[in-house]
Amino acid sequence: MEAAAAPGRDAPGSTASQPSGCGKHSSPERKVYMDYNATTPLEPEVIQAVTEAMWEAWGNPSSPYPAGRKAKDIIKAARESLAKMIGGKPQDIIFTSGGTESNNLVIHSVVKHFYVNQTSKGDTGVHHSPVDGAKPHFITSSVEHDSIRLPLEHLAEEQAAAVTFVPVSKASGQAEVDDILAAVRPTTRLVSIMLANNETGVVMPVPEISQRIKALNQERAAAGLPPILVHTDAAQALGKRRVDVEDLGVDFLTIVGHKFYGPRIGALYVRGLGECTLLHPMLFGGGQEQNFRPGTENTPMIAGLGKAAELVTQNWEAYEAHMRDIRDYLEERLEAEFGQKRIHLNSQFPGTERLPNTCNFSIRGPRLQGRMVLAQCRVLMASVGAACHSDHGDQPSPVLLNSGIPFSVARNALRLSVGRSTTRAEVDLIVQDLKQAVAQLEDQA
């Protein structure tokens, strides 16, 4: 597919160079972006905040002169904005380079803490591993992002940890609470379940998981076992629905800026950082971020992240309502144009909450693999699934297969994710674009 400029508020009127094979049309072909789960454009206010910080707050935030003090003030304000967005406390926010670092920081911190306590001298038995030579045990789901799955698989391969990947229910698309609790061992130290899946949009039962783990921790304390911590990667949920750490009951929460119209940095929420919940740094240096994530702060990007969070706090209800309206209209138009029997909505599970912007669907047909359909599209810019799985070739998404979608349906999947500025007119354009793509592929059969 052709590259095109990132969409912003003017996206509905944007154009791109006409791709080959467009017949007699001479005007530039319009492009419609529907891959907002992969990344989002920066809001104008975010660009302004970044630019102003570059001009006015170029100093080292640890320095006493005006440009340094300005940088320090911007970082403080951004931390407060992030905390307000998720209902947490500013002192519990650590800035990171993005979601991958945040997720790895949680996992490796839990491993480090396990072995430090296992080998420490003079501690009470409550801190010791119940079995000499035991490894920390992690529980996660079979549909997590690679930045959770891969570090856990690596630790398991290195025999530094044990991991249970709990399958999601084929009826709900969710990791079931009872299945997670059934996987708990005496050595279990962390449960990490994403808040919403990036391909199906399915919202996981994180509050229920946290409640059950909290009750279990009381029993573990009586038995002399350390508590189990709960982490959620909230990358896809932020900016699309309400996210509140008190409601979720989690100990860690991952924040990713470029998923909610911010820059490509992130943050990590840690409940009672350094007191209620311990964190071990992966990096060592100048002592920034309370020594948990040292390195001179990236002030302009932090300023942009803070502004993006501020916009979410002010507008998330309007964002959610708009995206749900467009997503529902998209699914109605797909079924109307192709027929309900031919369209399979892979992201719909009866009774399961899902993100308001995500539509994962397949058009049934032997030559209609998702990548082939996209290659024939002239207007639509979208993906077949997670951007981090773009090297899977024509293999169906593991997330869809794990969610119970049949192989023949999953390989035809397309993931369309709408944004804050997506319009019904754009939906009409891309549905017609899909129709011409399907017709062209079927004519070639």
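Let's start with the open sheet: seven strands in the order 2-8-7-6-5-3-4, with mixed pairing. Its edge strands are strand 2 (93–96) and strand 4 (162–166), each of which pairs on one side only. On average, neighbouring strands here are turned by 20° against each other, direction ignored. Two strands count as paired if DSSP finds at least two bridges between them.

This is a predicted model, where local features need pLDDT of at least 70, side-chain atom pairs count only at pLDDT 80 or more, and totals for chains, interfaces and linings use all residues. Residues are numbered from 1 along each chain as its sequence is written, and side-chain values use heavy atoms, with hydrogens and water left out.

Inside the sheet, strand 6 (residues 229–233) pairs with strand 7 (residues 252–256) in the parallel sense, over three bridges. Threonine 232 sits opposite leucine 253 in strand 7. Helix 2 (residues 66–86) packs on the sheet and touches strand 2, strand 7 and strand 8 (266–270). The direction of helix 2 makes about 115° with that of strand 2. Contact here means heavy atoms within 4.5 Å.

Now for the helix pairs. Axes are lines fitted to C-alpha atoms, for helices over the stretch in contact, and angles run from 0 to 180 degrees between N-to-C directions.

| Helix pair | Angle | Axis distance |
|---|---|---|
| Helix 1 (residues 44–56) and helix 8 (residues 299–338) | about 150° | 8 Å |
| Helix 2 and helix 8 | about 30° | 8 Å |

The angle of about 150° makes helix 1 roughly antiparallel to helix 8 (the term covers angles over 145 degrees). Their crossing is right-handed, whereas helix 2 passes helix 8 in a left-handed crossing. Left-handed means the near helix is turned anticlockwise from the far one by less than a right angle, and right-handed means clockwise.

On helix 2, the residues touching helix 8 include Ala71, Ile74, Ile75 and Ala78, and their partners on helix 8 include Ile302, Ala303 and Leu305. By class, that contact has eleven nonpolar, four polar and two charged residues. Ala, Val, Leu, Ile, Met, Phe, Trp, Tyr, Cys and Pro count as nonpolar, Asp, Glu, Lys and Arg as charged, and the others, Gly among them, as polar.

Stepping back, the chain has twelve helices and twelve strands, taken as DSSP runs (H or I, at least four residues, for helices; E, at least two, for strands) and numbered from the N terminus. Of its 445 residues, 56% are buried, meaning under 20% relative accessible area with a 1.4 Å probe, protein chains only.

Definitions and conventions
Angles under 35 degrees count as roughly parallel, over 145 as roughly antiparallel, 65 to 115 as roughly perpendicular and the rest as oblique. Buried means under 20% relative accessible area, exposed over 50%, partly exposed in between (1.4 Å probe, protein chains only).
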